[in-house]
Amino acid sequence: MGEAKTLFRQVISVIGLLALFAVSPWSASMGGQAPASAGVTVFEGARLIPGDGSAPIENATVVVTGTRVTQVGRSADVRVPAGAVRVSLAGKTVMPAIIDTHTHLSATRPALIEDLRRRAFYGVGATMSLGQDTGDLPLQVRAETLPGAARFRTAGRGIPGREPGRSEIPYWITTEAEARKAVEELAAAKVDIVKIWVDDRNGMYQKLSPALYGAVIDEAHKRMLRVTAHIFTLEDAKGLLRAGIDAFAHGVRDKDIDDEGLALFKARPNLVVVPNLPDRGVATDLSWLKDSIPSGELQKLQAAATDRPDVQAAFAIQARNLAKLNAAGVRIALGTDGNTPWGPHAEMADMVASGMTPAQVIVAATRNSADFMRLADAGTIEAGKSADFIVLDANPLDNIANTRRIASVYLRGAAVDR
């Protein structure tokens with residue numbers, strides 16, 4: 001939820017439930033009754049938000065065969081296989097599982113798996129850890145399909161300048177040769193993206209120079225890797241855009257984006273911006289968390305959720321910049337930073353508070369984020385995609401806070417044990 005947001009570890013344990021279905025190759029788009037087929041579940045009667053920006057489908061039917069969606073449409077247009085298990089979702093709203101593109105998760109296997117299960121509890125289907133992962137463990141977990149858990153992607157070790165006193169996990173580079181060597185090692189590990197930090201941490205450290213981050217970007221592109229950047233200032237954003245950066249892991253935080261900056265953003269149609277908004281600094285009702293985190297932890301969170309004008313001013317800069325980029329057609333995705341599993345719901349509300357519509361935010365948090373993480377089978381609810389979706393008690397297009405009103409979560413066609 002951005003560096004200014006306090007990160008809390010939850011103690012609730014969510015154990016995944018994997019339903020085993022036989023896979024049927026049959027699918028159709030005509031109305032009527034289809035041939036009998038075992039291992040098929042039909043979800044019917046809900047309002048369905050596809051996740052691609054198209055209008056919701058009222059009274060929709062979703063046919064799931066094994067782990068995959070095989071049909072989606074209005075109930076009158078879908079042929080339901082005879083013998084399928086039927087699940088009524090009348091009065092509910094269904095949307096794709098959320099994708100969180102910026103986290104920093106735990107370092108041990110049990111804790112990392114628990115992190116991924118906690119995210120599934122809150123409707124997150126996949127997440128990416130940016131820059132603080134070491135060794136083979138993250139890559140091993142990435143390769144696994146864990147029941148009841150979000151999928152995992154990793155940037156491995158990130159790349160800043162020298163930052164004594166901060167984490168020694170990332171590569172500390174001071175020369176172009178070190179920059180290229182770090183990327184070479186990351187490419188050999190087959191990370192999903194390269195993460196760099198271009199920030200002096202309020203004047204405490206020497207930030208990556210254009211020559212150094214330029215070498216990282218150049219070497220990464222030669223090795224078919226993309227680069228995402230932690231930034232703070234507009235001037236650094238401009239330099240990175242000129243150097244060919246692929247994504248930003250934060251928005252511009254020091255000042256409003258000017259015309260020159262906006263032109264640079266608009267000139268990069270494939271660029272992805274993950275705003276990672278900070279705390280809004282306003283009094284917030286967090287009672288929606290009462291059934292999923294310990295009461296003592298909730299009391300601490302609630303006590304801190306007060307009106308703070310200085311924090312509001314910092315949020316306002318980033319909110320205006322997000323609104324400007326969104327209006328200019330820059331591709332926006334969702335990320336939360338840190339290790340707060342319910343963070344995406346707060347981030348989505350902050351994105352709406354910045355001027356995006358709920359529909360735009362849902363696309364950012366689903367399709368755009370899946371595309372950014374190169375999850376070809378996630379992000380939307382359509383035939384051929386993984387059956388990853390959230391069943392909600394209310395419509396988030398009316399109020400984005402309704403993403404928190406979760407009735408059930410399905411990942412790869414299986415209900416998550418909540």
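The model is predicted, so to speak of local features takes a pLDDT of at least 70 and side-chain atom pairs count only at pLDDT 80 or more, while totals for chains, interfaces and linings use all residues. Residues are numbered from 1 along each chain as its sequence is written, and side-chain values use heavy atoms, with hydrogens and water left out.

Let's start with the overall build. The chain holds 10 helices and 18 strands, taken as DSSP runs numbered from the N terminus (helices: H or I, at least four residues; strands: E, at least two). Its C-alpha atoms fill a box of roughly 65 × 50 × 40 Å along the principal axes. Of the 418 residues, 56% count as buried, meaning under 20% relative accessible area with a 1.4 Å probe, protein chains only. Among contacts with a separation of 6 or more, 72% join residues 24 or more positions apart; a contact here is heavy atoms within 4.5 Å.

Now for the loops. Most residues other than glycine have a negative phi. Arg201, though not a glycine, has a positive phi of about 55°. Look for Arg201 in the loop between strand S11 (194-198) and helix H4 (210-222). Arg201 counts as buried because its relative accessibility is 9%.

Further along, Asp337 also isn't a glycine, and its phi is positive, near 70°. Asp337 sits in the loop between strand S15 (331-332) and helix H9 (343-353). With a relative accessible area of 7%, Asp337 is buried.

Conventions. Buried means under 20% relative accessible area, exposed over 50%, partly exposed in between (1.4 Å probe, protein chains only).
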